[in-house]
Amino acid sequence: MRRHKSGFEQMTNTCGTAISVAMLCLGFLLGHAVAQGGGELRFCLRTEPKTFDPLKVEDDASASIRYLTGGVLVRVNRQTQDLEPGLAVSWKVSKDGRQISFRLRSGILFSDGTPFSAEDVAYTVQQLMDPALHSPTGDAFRSGTGNVETNVVSPSQIVITFPAQVAGLDRLFDQVAILSQRSSKKEMAVLGPFMVADYKPGSSVLLKRNPNYWKTDEQGRKLPYLDSIHLDIQPNRDVELLRFKRGELDLINSLDSEYFDKLAATSPQVVHDAGASLDSEQLWFNEVAKSPIPNYKKNWFRSASFRRAISEAINREDLSRVVFHGHAQPAVGPFSPANKFWFNSKLKPQPYSSDAALKALQDEGFRMENGTLKDKDGNEVVFSIITNSGNKYRERMAVLIQDDLQKIGIRVNVVTLDFPSLIERMTQTFDYEAIILGLTNVDLDPNGEMNVWLSSSENHQWNPQQKAPETAWEAEIDRLMRAQASSSDPKKRKEAFDRVQEIVVEQEPFIFLINKNALSAVSAAVQGAAPMILSPQTFWNAERLFVGTK
Amino acid sequence: MRSLRWKIAGHVLALVATVLLGGLLSATLVRLAPGFDTDERELDPHLSAESVQALRDARHQDHNVFRFYFSYMKRAMTGDLGTSLALGQPVRTLLRDRAPLTLRLLAIGLALAWLLTLTLALSAAWLRLSVFDTLTTAASGTFLCIPAAVLALLSVFWNAPGALAIALIVFPHTYRYARNLLVKAYSRPHIITARAKGLGEARILFWHVVPVVTPQLLAVAGVSVSMAVGAAIPVEALCGLAGIGQLAWQAALARDLPLLVNITVLVTLVTLLANSSADVIGHVVRSQEV
């Protein structure tokens, strides 16, 4: 029996249909607008990318291109700092930390249409671990001698076995962009959201949307939204700022505090201060026994009490306020509080007190004579701080430290050198007394700094390449760093590295000064941007950015 | 004709000798510069000891400057100019990619500089107005006092083309010579007589002034090329222009021996070619006058 619809029902149905059609049209239009009109994002690379081969990346510009074009098995979420699935849907690290197995997504294509499979992962890992490659990405996996074994279980499953345990093994794959074994385009066939479409040496790199990118958004629309990214190679930061102000650029990464304030004065809505970054600036003394500096100075520099007193006499709040216009935090230790998991929250910033510093030095036999500090043998306490010329922030910090130490009778000479000369003194001739430099941390995991903390390593800068640890505390750091690297239990690793941080703060081989804030600028035209402290700050979610209005 | 051939042969010999010596001097200077043995990448904490050693070994290959230069010359004969240590790319590719921009910049910069020079110098010689002369002299003096880097930065700030900065760097040098030459030529008795007799200015210029000043102006033109090449380094580096000047700046900072030697040889070659060409053309003009 047919039932006639009432007028109300008919009206409701008609309205419902109309609303549904309207919603569908709106959805289609929105989707269309985003999918077809994501626009072009423009920003600067500060150096020429040295390579487009993701396995050979060693500079920031190449790393940015790798981030935008490379498909990785797992990705560290720059917001939560947690590991998320990428090309791998799941993964498992063995208890001994030597083996990792990945289950891969299926039906994925490289940008040139070549299918992706476990064979490509095996190929990439074998290429990466070639000892002749000398790549920082590959070296991060090297913890023992021997070959890496790759076992392709099926097209979507692979097991990789390393010769020795690799701490934080799964997180290291965030940097490994998968290459195609079969594509004739080699590294230009990519699995990331964008692909290199054009490169004008010294001038620009054009990235276009990868039509085969596998990710979709919550509404099922294909990512990325952007049509292209235009990367101008521009080493001059003044030019970069001018072009941003003129609307020719959409983003500035790692903005200088001075430029941040200039921009904030005119366009406060475009600047972002994400808080303390992972990067640190530090001062250290030359503790190398064979260095060509007088023995009495070596004795000062090798004394923990002397280093602690110097640290106490430095007003870090002033460094932050005067040099960085408040866009920096007094540093606590080796890791910044921005590193949520690994930072030792028990550590507190060194309080500033020139009186306490002077008293500590007097307790060690130093004495003040006519406003000049002298050691117990009557030598005037005077030393030089070198830093790299052209870095105005380090030059200004050195001058402020010079003022601070003058208050306790120490005379400091500030010398600036160009970078190659400074590196030569630091790593080969050891002809220096103190240095101010910075550490750019890209890794959250302390394993990335093994070569800094192990006494035998090249980058143990205050006293590198020790045949055997020269001090008990360095021996203890060596033991703890090796212990954390050989454990797969995050809790035990954290306990070991917490103790390392405590020893470093007690002994002050590095006098950590400040952690710079992560500053950036994003044009109002860019939608979806949420700058973070982790690199790449502003375009970490490039696949979800778009330029213009939806 | 015979003397012209001898002159050209002498220039070619001097050019080859100077280029070879310039390249060797450049290599020696870079080799002796502090920090030659180092590579910024050594500070990357991710690199293993073996990788750091590999970086050092790569630099050690160039330790003996004479051996480096000899092998460089040998390779250069076959067209292989070596590989840049800092950029990791063949020097030949780097120079080929960046040469068009620098050549365009130099051509436009020099054209603008000479247009300005000749316009103002001729006006000064024609008009003989002390106010005009004072103004143009003051303008050229002002640009002479402003460092090239400041002019480059101003061009960035005002969004002006880099070629204009080069023109303004070269102009004050060329203007002083050109003005003096033209004023002197116009004050010659036969030109004063010609003017008094009512000969047209164009005829005086092209028949009586140009032939007299051409050899000297050509010599200044040759020197202005080397000035423009020198100016291209700060202009390209500060304006972010991807030319050979910027490459030279980067190579100097990175102690990039293969790249620096090649750029030195190239710049020496361009400068000498410009000077020698000016000299030979001047010789031809003078011999035609005789």
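The secondary structure of chain A comes to 16 helices and 21 strands, where helices (H or I, at least four residues) and strands (E, at least two) are DSSP runs numbered from the N terminus. The structure is a predicted model, in which local features need pLDDT of at least 70, side-chain atom pairs count only at pLDDT 80 or more, and totals for chains, interfaces and linings use all residues. Residues are numbered from 1 along each chain as its sequence is written, while chains are lettered from A and ligands numbered from 1 in the order in which they are written. The predictor gives the complex an ipTM of 0.75 and a pTM of 0.83. For chain B the mean pLDDT is 87, with 98% of its residues at 70 or more; pLDDT is the predictor's confidence in each residue, from 0 to 100.

The C-alpha trace of chain A spans about 110 × 60 × 50 Å along its principal axes. Of its 550 residues, 47% count as buried, a residue being buried if 20 or more other C-beta atoms lie within 10 Å of its own, exposed if 12 or fewer, and partly exposed in between, with C-beta atoms placed from the backbone. Among the contacts in chain A with a separation of 6 or more, 68% are accounted for by residues 24 or more positions apart; two residues are in contact if their C-beta atoms, placed from the backbone, lie within 7 Å.

One strand of chain A illustrates this burial. Strand E12 (residues 271-285) of chain A has 12 of its 15 residues buried, and is therefore largely enclosed by the rest of the structure. E12(A) pairs in the antiparallel sense with strand E19 (residues 510-522) of chain A over nine bridges, two strands being paired if DSSP finds at least two bridges between them. In this pairing His272(A) stands opposite Ser520(A) of E19(A). E12(A) also pairs in the antiparallel sense with strand E18 (residues 434-439) of chain A, over six bridges, and here Phe285(A) stands opposite Ala434(A).

Elsewhere in chain A, an open sheet of four strands has the order E4-E5-E7-E6, with antiparallel pairing. Strand E4 (88-93) and strand E6 (149-154) of chain A stand at the edges with a single partner strand each, so that one side of each is left without a neighbour in the sheet. Neighbouring strands of this sheet are turned by 15° against each other on average, direction ignored; axes are lines fitted to C-alpha atoms, for helices over the stretch in contact, and angles run from 0 to 180 degrees between N-to-C directions. Strand E5 (residues 99-104) and strand E7 (residues 157-161) of chain A are joined in the antiparallel sense by five bridges, and the bridge partner of Ser101(A) in E7(A) is Val159(A). Helix H3 (residues 118-128) of chain A packs on the sheet, where it touches E5, E6 and E7 of chain A, and its direction makes about 175° with that of E6(A). Five bridges also join E6(A) to E7(A), which run antiparallel and form a hairpin with two residues between them; within this pair, Asn151(A) stands opposite Val159(A).

Between the chains, 33 residues of chain A are in contact with 30 residues of chain B. On the side of chain A that touches chain B, the elements giving two or more residues are helix H4 (136-139), helix H6 (237-245), helix H13 (419-429) and helix H14 (450-453) of chain A. Of these, H13(A) gives the most, with seven residues. The residues of this side divide into 11 nonpolar, 12 polar and 10 charged, where Ala, Val, Leu, Ile, Met, Phe, Trp, Tyr, Cys and Pro count as nonpolar, Asp, Glu, Lys and Arg as charged, and the others, Gly among them, as polar.

The largest nonpolar core has 215 residues, and those with the most contacts inside it are Ile166(B), Val170(B) and Ala228(B); such a core is a set of buried Ala, Val, Leu, Ile, Met, Phe, Trp, Tyr and Cys residues joined through C-beta atoms within 7 Å. Its largest share, 15 residues, comes from helix H9 (residues 201-239) of chain B. With neighbours within four places in sequence left aside, Val170(B) is in contact with Gly109(B), Leu110(B), Ala113(B), Ser224(B), Met227(B), Ala228(B) and Ala231(B).
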